[in-house]
Structures are given as C-alpha cells and as structure tokens.
Amino acid sequence: MSERINVLIVGGGKGGQSFVDLLSRSRIVRIIAVIDIDLQAPGIKSARMLGIPVDSDYRRYLGLPELNEVINLTGDEDVQRDIAAGVPPRVKIIDGYSGKLIWSLIQEQIGVEQLLRDNEERFRIIFDTALDPVFIKDNSGRYMLANRAMERLFGMPFSEIVGRSDEELFGGDPGIRIPGSDADVLLGEIVEEENTRMIRGVLKTFHSIKVPIWGAQGTVVGLCGIERDVTERKRIEEELRQSETKYRELFENASDMIFTFDLSGAITTGNRAAYTGFGYSQEEFLSTSMFDILIPESVPSVTGILQKAVEERSDLMELQPWYFVLCRKDGSKFEAEIRTRLIWNDGQITGVQGIARDITERKKMEEALRRAHDELEARVQERTGELMKANELLNIEIGERRRAEQLLLESKKQAEAANKVKSAFLANMSHEIRTPLNAITGFSELLEHTRLDYVQNDYVSVIRESGKILLSLINDILDLSKIEAGEMPLEHIDFDLEYLIRSVIKINSPKLQGKKVELFCSIDEHMPKNFKGDPTRVRQVLINVLSNAIKFTREGSITISVRPEEAAGVPKDKFWMLEFSVRDTGIGIPPEKHERIFDAFEQADTSTTRKYGGTGLGLTICKGFVELMGGRMRVVSEPGRGSEFVFTVRLEEAEPIVNNDIAPVKLEELREKKVLIIDNSESARGVIEDYCIDMGMVVLFKAASANVAWEWLISRSAAPDIIISDIVMPGMSGFDFARNVREDERLKNIMMISVSTDIRPGAAKKARDAGFDAYLPKPVMKGDFIRVMQATWGDKRRDKEGRRIVTRHLAEESACKGFRILLVEDNAVNQKLLQIVLKNLGCETDLASNGLIAVEKVRANRYDLVFMDLQMPVMGGCDATRIIRSEIDKTVPIIALTAAVMKEDEVASLAAGMNDYVTKPVELHKLKEKIMQWGKRSV
C-alpha cells in the first residue's frame, strides 16, 4: 500500500460534504480537519458526524509537519492566495475537484477491483475442482451457479442448468424424491438430508448439506449446497445388513452352542442354543463369564491355555477340540466337546470364540457299547465255562475232589461278579453325585473368604451345609452294606433343631419355583430348641422326604410338622422321642406299595423313575438312619389324595448353643489395654490410633515396619496386651512378624489382630495359620474394629479347640451375646416369644410385667438396654420412663416396644425420654439391629 496522505479540507459547502464522505472511506487518505467560517455548513456537519476535527481558522493547521495537501473548495482567490502564502513548500494546494487526490482514489479503486477479481478467480478454481457437486440457488430456488462436478453429474453444461429449478430439471421423472427442504434453508436453517434422483436413467442417492446465503440487509438471498453420491455406500451397507442378517440367522439357529468371551473371561455374545443350553435368559447369559460355565477344576487349565495362546500369538486354540465339564445355571453338569479360535482386531487378540457340543448322549452310547462288549465277553466266558464243564464231564475219572474244586471256583466267580455289579453301581452313583458337588463345595469355600454381608453369609452357609449333606449322602451310599449290618456310627453333638429345619426348607425352596404349591412348617412350642444327636442324619432324612413331596406334588400344599411323640409320654433323663411329619397333596401311593417303597431299588410305580427320576435308594437309606436313631418310619397315602411320611427319632435335650463359643466383652474391659500398632502407611496408623484412643486404650508405640516393631518389642521388659499389624509391608511381612511373636515364649499369648488390603479367598485362613487371632480387611470401619476387638477378647474357643480366627462377620453375628436386657411386657404370649428371640441372640433377659416393676428393677440392677411396652396395667411405659430418667438413670437406652402405630404414640414415647420406637410384631433382624444400635456395649 502507498504512503498515507494527510489532507486539510477548506470549504464546507455541498462540495465539502461530498469530499468528506468520499475521503473518509479511503484507505490512503486521512482528513486532519475541515475548515469553514460557517460552522453549520454541510461539510462541517458531515465531519462532526464522522468524528473529524472542525474549525473556522485554517491558519493554525498550515504549519503541521504531517500535512501533505490542502484542498481548496471555496473557489475564493483571496483565500487561495492566503493559503499559498502560509503553507510550507512541501505542502501542495490542489483544486478539490481534480488533481492528485482524485487520481489516487481512482488508483485505489482499481486495486480493490483487481483484488476482487483475483479472489473470485481463486474461488472459481476451488469451486470447480471440488470432487463433490456444489451449487448456489437464489431465493426462488433457481440455480445461479454450479461447479464442474455438478455438470458431470447432470451430464449437461452449466448454461443448461443456470436459471432452472429442480422441478424443471427433474419434475417429470417419477423416480425422483426431492424433499421440500429448500424453503427451510431460505428461512435461515442449515439442512442435512438424503434424497434420491434419477440421473441419466440411473436412480442415485445423495447426501446433501444446504446453508443459507445472507445479504447485506440481514436477509437470506439464496442458498449454497454440496451433495455427495452415496449410492455405492448405501448398496454396500445393504449388502452388509443382509449378510449380517443371514449370519445372525445361522448363528441363532445353529444347534451347537456358539459364544464369545473377551480376555477377562466375560461372555460377549451367545446364540440361542448357548444361553438356553446353559439354562439362562439371553440377558443373564451376557452378564456371566466363562468362569460361571466351567467347573472350578477346569478353570486353571483353561486359563493356562488361553494365556499361552495370547503370549505366543499362535493358533494353539484351533489345533484340537477340548473336552471339559460345563456347568448350567441350575448347577447341573454336562461334558462338552469345545472347538475354539482366537478373535483378532487390528492385529491384536481381543477374545475367543467357542463352539460347544453336548456329548452326554454320545457318552451314553459309548457306555452302552462298552457294556455290550462286556456282556459279549461275559457270554464268551460263560460259553467257555460250559465247554470246560463239558470237558470235565468227559474226564470224570479225575474224581469228586476235582468236581468239588470246580464248584467252589464257580461259586467264587459268581460272588465276585455280584460284588463287581454292586461296586460298579455304587461307584457310578458316587461319580454322578460328586460331579455337581465339586462346584457346590468349591464355590462355597471361595465365597466364605470374600467380603459378604450378613444375608450373603447366611446364603453361603446354606450352600456349604448343602455340600456337606451331599457328601454325607455319598458316603452313606458307599457304606450301604454298613447300614444293612447296623454298624453305621452316629454322631452325638449339639444342634439347633429350628435352624436345621430352616436350612432344609431353604435348600428345597428353589424346587418350588414355577409350581402352585405352598410350603408350611409347624414346630411344637412346648419342646426344646436345642438337642444332642446326629443332625446330619436327621437333616438327610428330612431333605429326602421333603424332596420327594415337592417332586410328586404339582399343586396344593406341603406341611412339615415336628412334635413330641404322644406314645412316648413324658421325656425321661432329657431324652425326647420326636415325631417328624411331611404331608403333601401329591399323586399318592397305592396301599400295596407302602412297604415296598422302603426296599432298595424300588419305586411305587415303574414309570416313576422315567417321569421323576431317582434311584429308589433314598427311602431305604432314610429308614436305616431312622432305625439307627431309635425310631421308625411309615407312610400314610392313597392315590390322588397325597401322602404323609412320618418318622421318629430319639434325641437328648441340650443347652442353647448361643451360650458357648464367643462372649464379646464390654468396652469397659478393654480400657487401659496397651496397644502396639504396625503399618507402613502413616494415615492408616493414625486412623487405628484414633479408634484405640476412643475406646480408652493406650497406644504404646507406632511402627512403620515390622522390623522396627520387632526390635522395639524384644527390647521391652513388659509386653503390650494387643498388637494390630498390617500384612503387606516392606521388609518383614505381617505374617512373618506374627510367627516370630508366637514362637517367643514371652510374647506368644499377646492378642494379635491383622488388618490388610488382601481380601482374596483364603486371606483370613492365612492370617490364622500365621498366628493372628482376628482378621479385618481394609478400609477398617470403626464399628467393625470395635466389634472384632470385643469378640476376639471374649473368644474362649482357643482354650479347648486350638487357635481360631475372628472376622468382622463372626463378630457381627455374636454382637448381641452377653447383653443384659430388661423386657417390660404384660402379655404372657409376647413375653415368651420375645424371651425366646432374645435368648437365641445370646442376650440375658430380665422380665417385668408392668412399669412399676420395671422402675424397681432398673433401680436395683444395671442393664445394657430396656425394651418398654407402652400400655400396661398399674403403670404404663411412658410414666415408667419419666421416673427412670428423672430419678434413676438418664443414660440407659430405652426402646418403646408396642402395638400402637399412631404417630402421636411415637412422639409421646420419645417425649417421655425413650431413645427409639419399634412396632409389633417385631421381626428378628429388626430387634437385632436395635440392640446393636443402642446397646451400651455397641458402637
């Protein structure tokens, strides 16, 4: 750009206004000022509007060094002479209507036009060389501009396209679909769409983007669009969709189970045969992993094969079929032949595809062929024996002795053959039962050492107990000869009869799914809850009888009842003859079959096995167990009217189990206990220290490593009472530290609690084996910490059974043991019920039948908790609470226990000084929650 020109305009008339307006738009001219005697002249007004200085005296500007030119617009010769006399020689005076200024403006305009032409040429080059068709339409929808790609698409030059609309170009062709979207673009919207057009006899699909073109006045004057031919892409997408549909049909309808899983084992796809074959819905199957469909014994080998194939990036998995036992959702097993291949994506292995085939029937055929082969060999041997016998007859001269020996040999063979048949049967039964038992016992063992809440721990206990029952059943089958000989030994241990019956119901309840059958249970309240005897055999008999009732009952009800046998009379020496009954509304049993069903290998109907399954041994074994336990077994039944199986057993009354095992101590007993804390994390040490101080214990030393703690410990004359140690630490581990402590005669009796981030299965067992008394996973919650501390200090099991481990779950289960509770209740039935519930939780209970008695008992005794009824004779619960709070004890927790459910009753009880409010009927878990929440020993 040329050097800028600074000008002074003299004269503000109409010409001045024109020059001011013109020059103000110039990029090379700057107006210093506008001069005119008439300060209201048009040029002056225009200058003021544009922010240009104005004046009536031109002389003060003539000496400015930046002044280049003076434009005289006055036409006055005197003014021109005065200006010429006053300006320096370098300043030019020109006529405003001609001269250099006008020429400069023209030159500038020429430059601008040239620049526009250059830009337009560049735009045209880009526009025409674009690969996709580009066009511009005016606001009436007619083409104004189109590039060469557009011309090639339409097969016509631009001159035939311009000025025409879509209707004029394509409107007569029935194969065209053009959405009316131009109107939306002309309203200011940007439109992206797909449309179809018949181009030179071929129907094509286009993807279009259209944008509005805005004019100087802010209105839409047209639109610009770009189109891309996506016909081929659409064709490929449709072919892919059809191909995928065919593949999906083949995939879903394949008879083999086809599934894929990623490198973590998570199942990602599965066909219908797969998820139905494993007993899942499609959604359930896709949320499982290969570890859910493998039995535990197969997991290491499968993991090893997969890891080796991934590491070697080889076709190891495709070389041969694999044979594994797989597990269905319901726990049943089947042997499968599996062919696999690795799944690759961008050169990386991302998963595995498996095709499994159930070979159960094939195995049965192979077994049938094997048996046929054995039978053929037996016949050959039999024929050989006959030939040998014929030969012996021909050689009768050998004598009577030889014949006797031969008879003994044949008898021996027959006996051995009979024993082989029996052994083969028992071995086959053992194999068939142990196969699903592997999964039950294996997974329950793993789950026991994971983080479980109370309910989950209960479920695992049921699974574990089920596994024990099945294992016991196998052993009984294998020892069938001992049962027949009456030589089967019986256990004589303590057990909770109600818990045993509940566990039997839990085990069998899933079998009721899908049946219109209700299950009831009735236990005589006048007999004890705890007995000594063989709970495994009692449970096994109940399971077998209840399973049969569920199996043979399609609709109706099943009732379990337990009561003392009337014929036995009053129990003697704490021995009870109990009668168990399982009554159903099932298919029933004909009278002539009542005795035979207790014989081995017998069913009430030969079709029963085919329809319902079973070996026919269950009732035989059950009858044997019942008779060994001093009882007898019978059945009452009619076809179509259900059955009732009744058996009796002789059991000894026992003390409640809850009084044994663990009796958690109160917080007062832990005060002033001396503690050593070991953890390589400073924050973890601080948290544990705070917990200990809150409990009133004294922290003697905190160590950042086991090595430091050991040096400190052996240098002291007096040992701490408790050591709380991390497991994973640099240098000496927590396990090694614990072993050192247990091996030192001075230190071996210190209570040791492990805290660890290791929550893998078996972590608690490792801690116990190393010598720890308790195990807590991190992060350690204060409530868990205190309960474990109380339970561990009150654990008496070490005295008689060797060292045990206390976990947070075990501590929570025993958290209510030892609480001294005052139960204030006037209703005799509720008194008995709540006393039984509290006794089952391990609480010591005092009873008061009204509020006045309750006041005197609180005055005379110390209680951890008071359950207070509201409405009682003599004195109600609210009045009693007010007296206790004002005269006796302001801190003992008092919980309202009442059938009143109105809000004002709750408000009244709290206003009287009670801490909480529970309505009747009270559930066991709610009562336990309140005891743990408000008991003085609780956190």
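**Ground rules.** I am working with a predicted model, where local features need pLDDT of at least 70, side-chain atom pairs count only at pLDDT 80 or more, and totals for chains, interfaces and linings use all residues. Residues are numbered from 1 along each chain as its sequence is written, and side-chain values use heavy atoms, with hydrogens and water left out.

**Whole chain.** I found 34 helices and 32 strands (DSSP runs numbered from the N terminus: helices are H or I with at least four residues, strands E with at least two). Of the 939 residues, 43% are buried.

**Asp584.** I placed this residue in strand β20, residues 575–584. Beyond its neighbours within four places in sequence, Asp584 is in contact with several residues, including Ala549, Thr553, Arg641 and Ser643 (contact means heavy atoms within 4.5 Å). I also noted a polar atom of the Asp584 side chain 2.8 Å from the backbone nitrogen of Gly586. The C-alpha atoms of Asp584 and Arg554 are 10.0 Å apart.

**Strand β22.** Next I followed β20 to its partner: β20 and β22 run antiparallel over nine bridges, with Ser581 bridged to Val646 (two strands pair if DSSP finds at least two bridges between them). β22 covers residues 643–653, and eight of its eleven residues are buried, so the strand is largely enclosed by the rest of the structure. I then checked β21 (residues 633–637), which is antiparallel to β22 and joined to it by five bridges; Met633 stands opposite Phe647 there. These two strands form a hairpin with five residues between them, where Gly640 has a positive phi near 80°. Strand β18 (residues 530–533) also pairs with β22, antiparallel over two bridges, and Lys532 faces Glu652.

**Lys333.** What is the nearest side chain of opposite charge to Lys333? I found Asp330, 7.4 Å away, and Lys333 is buried with no salt bridge (a side-chain nitrogen of Lys or Arg within 4 Å of a carboxyl oxygen of Asp or Glu; Lys and Arg count as positive, Asp and Glu as negative, while His and the chain ends are not counted). The Lys333 side chain does reach the backbone oxygen of Gly331, at 2.5 Å. Lys333 belongs to strand β14, residues 333–345.

Notes. Buried means under 20% relative accessible area, exposed over 50%, partly exposed in between (1.4 Å probe, protein chains only). A polar contact is a pair of N or O atoms within 3.5 Å; within protein, one must be able to donate a hydrogen and the other to accept it, and residues adjacent in sequence count only if both atoms are side-chain atoms.
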